[in-house]
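The structure comes first, and the notes follow by topic.

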Amino acid sequence: MTFSAADHAAMARALQLAALGLNTTSPNPRVGCVLVRDGITVGEGWHRRAGEAHAEIHALRQAGAAAQGATAYVTLEPCSHFGRTPPCADALIDAGVARVVAAMEDPNPLVAGRGMARLRAAGIVTEHGLLENDAREMNIGFVARMTRGRPWLRLKAAASLDGKTALQNGVSQWITGPEARRDGHAWRARACAVLTGIGTVKEDDPQLTVRDVPCERQPLRILIDARLDVSPTARILQGEPILIATASEDSARHAGLSAAGHRLIVLPNPAGKVDLPRLMNELGALGLNEIHAEAGFKLNGSLLREGCVDELLLYMAPMLVGDAAHGLFNLAALTKLEDATRLELRDVRQVGRDIRVVARLPRA
């Protein structure tokens, strides 16, 4: 299928609009829409948050009567089902658009081609696949949840150039500079949830909130705490209630945390730890698309070993702190390089004085 330069420009603009909802649409996908008639943009819109109008509706409202005969460029196939809002496919049909170009088909089984089929049945020309990879990246977590039932887990860590996250005495603040920390908060802001382990809570007592960048809503905070060792005064328990994944069925501890509004799920594995793969499935069932993990080297290693990590977000500071310091991941020693986990580098850039590396696991 061949698309014109004008088609590419319009879809690129639709992707720019979709990005405006990067931090706010959860659990819905980020979607942008541009309406073009006779070479002129007559309407634009993007989905802002779940329960509110979709991108197509905003664009149609702006276009008014000018939508008649226009081409609609949408970053995701228009929905065909009644959810919290009516089907966008019907709205496009009623507005009289002549052509709909979708960057990608919707992976949601409730849509999955039905939106485009409904448009075609109404006599509208439909095409898809324009800038599809960009659209998929925009909604990598939504696609993951819809196609495999669990979220996209991005593991963030900050380390020295020799791969150390903290000194032998536990001191880790601050290995990276303020620009890298601010950038890390921007990645937190786009996530549906921020996850950590009890070891990090005991050592660093983090709030695990978005603070260094503007954010209209705070991601859900998730604590993995197998024995429910979290202190009632821990900062992670302050503010909005959190989700705690545990292996403990201690009724007294459950009652105290539940009374404070926190939600607990019990997922023990045979070793008495939290069953991490099952936890990922539970988080998918809760409608979470992207999980941003910030934990210590033990939980980092467990998440990697148990196949839960899709992407690494690493900040490397230009310093050396010595062999005895804490490493990034608690992984078994290898005897053959052939057994090493090979990563796919997605992005490498300088952020302040530090280097940011985004890399994906092969299975992702």
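The structure holds zero disulfides. The model is a predicted one, and a search of the whole structure finds 26 salt bridges.

**Cysteines**
- The sulfur of Cys79 has its closest cysteine sulfur in Cys88, at 3.7 Å, which is too far for a bond, since a disulfide needs the two sulfur atoms within 2.5 Å.
- Cys79 counts as buried because its relative accessibility is 8%.
- Cys88 is buried too, with a relative accessible area of 0%.

- Arg30 and Glu290 meet through their side chains in a salt bridge, 2.9 Å from N to O.
- Arg30 sits in the loop between helix H1 (5-19) and strand E1 (32-37), and Glu290 in strand E12 (residues 290-293), 260 residues apart.
- Both Arg30 and Glu290 are buried.
- Arg30 and Glu290 also belong to a network of salt bridges whose members include Glu137, Arg154 and Arg360.
- Asp229 and Lys202 form a salt bridge at 3.7 Å, N to O.
- Asp229 lies in the loop between strand E9 (220-224) and strand E10 (243-246), while Lys202 lies in helix H8 (residues 198-204), 27 residues apart.
- Asp229 is partly exposed at 26% relative accessibility, whereas Lys202 is exposed at 53%.

**Salt bridge within a helix**
- Glu132 and Arg136 form a salt bridge at 3.4 Å, N to O.
- The two are four residues apart in helix H5 (residues 132-138), so about one helical turn separates Glu132 from Arg136.

**Surface patch**
- Leu345, Val348 and Ile355 make up a nonpolar surface patch with about 260 Å² of accessible area together.
- Leu345, in strand E15 (residues 344-351), counts as exposed at 58% relative accessibility.

Definitions and conventions. Residues numbered from 1 in each chain as written. Predicted model: local features only at pLDDT ≥ 70, side-chain atom pairs only at ≥ 80, totals over all residues. Heavy atoms only, no water. Patch = residues over 30% accessible without salt bridge, like charges linked within 9 Å, V, L, I, M, F, W, Y side chains within 5 Å. Areas by Shrake-Rupley, 256 points an atom, 1.4 Å probe, with all protein chains shown as cover. Salt bridge = Lys/Arg side-chain N within 4 Å of Asp/Glu carboxyl O. Buried < 20%, exposed > 50% of the residue type's maximum accessible area, 1.4 Å probe, protein only.
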